[in-house]
Amino acid sequence: MKMALVLNAINPSIGGVLIRGEKGTGKSTAVRALARLLPEQQVVAGCRFGDNPSDRESLCMDCQARLQAGERLAAATRRMRVVELPINASEDRVVGTIDIEAALKEGSRRFEAGVLAEANRNILYVDEVNLLDDHIVDVLLDAAAMGVNIVEREGVSVMHPARFILVGTMNPEEGELRPQLLDRFGLCVDVEGIRDLEQRVAIVEKRAAWEDDPG
């Protein structure tokens with residue numbers, strides 16, 4: 001599990017990882033702990049999508065407009081992070097939505113960013129991915145494969161980069177993931193709980209010692 005997560009952080013082109021295991025095997029803990037290992041990255045200052053200033057071809061529509069207006073895109077530094085998707089997220093919460101009223105009155109494409117926008121150039125973590133609506137999972141996997149998110153409402157279209165590492169966790173006892181979706185993860189890891197009593201006691205003792213002295 002640890003190796004699969006680190007490999008995806010090093011090389012996002014692997015295509016994400018699905019971690020399967022029973023409850024209490026540390027799946028969520030491992031994913032959230034990954035945030036401390038993630039590197040810093042250059043982003044366009046003020047860009048809500050965290051565009052890469054050295055990759056002009058993948059800039060969002062806002063940054064492209066700034067360039068065309070003759071503005072120089074200043075760079076800033078941020079750390080990659082783990083963005084979590086709520087299990088009850090709607091499609092609009094995932095892909096974002098367009099303010100139709102602003103589009104009709106002002107002629108502007110005012111976009112309310114969703115989870116995919118936050119996840120751009122970060123890690124998108126979906127706990128209990130097998131319990132998500134199949135349509136939402138399809139949306140996530142399509143965006144991960146294409147690297148862009150396109151939102152179209154009432155004839156108004158907005159596109160922004162959505163390049164992220166998809167990490168899903170699931171408990172097979174609560175239901176399996178459809179084979180078509182399972183095949184679209186780059187790696188799949190099965191995690192088993194520790195049964196040996198001495199090892200379990202040692203884990204609890206190490207945890208207690210860390211809580212007493214985290215340093």
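These legends describe close-up views of a predicted model.

**View 1. The largest nonpolar core.** Leu85, Val94, Leu116 and Leu124 touch the most other members of this core, which has 39 residues. At least two core residues come from each of helix H4 (91-95), helix H6 (115-119), strand E7 (123-127), helix H7 (134-146), strand E9 (156-161) and strand E10 (165-170). H7 gives the largest share, six residues. Domain 1 (1-38 + 81-87 + 118-148 + 162-212) and domain 2 (40-79) each contribute at least three residues to the core.

**View 2. Contacts of Leu116.** Beyond its neighbours within four places in sequence, Leu116 is in contact with residues including Val94, Val95, Leu124, Val139, Leu140 and Ala143. Asn149, His160, Ala162 and Phe164 are also among its contacts.

**View 3. Asn149 in strand E8.** Strand E8 spans residues 148-153 and holds Asn149. Asn149 counts as buried because its relative accessibility is 5%, under the 20% cut-off. Apart from neighbours within four places in sequence, the contacts of Asn149 are Val95, Leu116, Val158, Met159, His160 and Ala162. From Asn149 to Leu197 the separation is 48 residues in sequence and 48 Å in space, C-alpha to C-alpha.

**View 4. A nonpolar surface patch.** Val6, Ile10 and Leu37 make a patch of about 300 Å². Ile10 belongs to helix H1 (residues 2-10). Ile10 is classed as exposed because its relative accessible area is 65%, over the 50% cut-off.

Definitions and conventions
Residues numbered from 1 in each chain as written. Predicted model: local features only at pLDDT ≥ 70, side-chain atom pairs only at ≥ 80, totals over all residues. Heavy atoms only, no water. Patch = residues over 30% accessible without salt bridge, like charges linked within 9 Å, V, L, I, M, F, W, Y side chains within 5 Å. Areas by Shrake-Rupley, 256 points an atom, 1.4 Å probe, with all protein chains shown as cover. Salt bridge = Lys/Arg side-chain N within 4 Å of Asp/Glu carboxyl O. Helix = DSSP H or I, 4+ residues; strand = E, 2+ residues; numbered from the N terminus. Buried < 20%, exposed > 50% of the residue type's maximum accessible area, 1.4 Å probe, protein only. Core = buried A, V, L, I, M, F, W, Y, C linked by side-chain atoms within 4.5 Å. Domains from an automatic or database assignment. Contact = heavy atoms within 4.5 Å.
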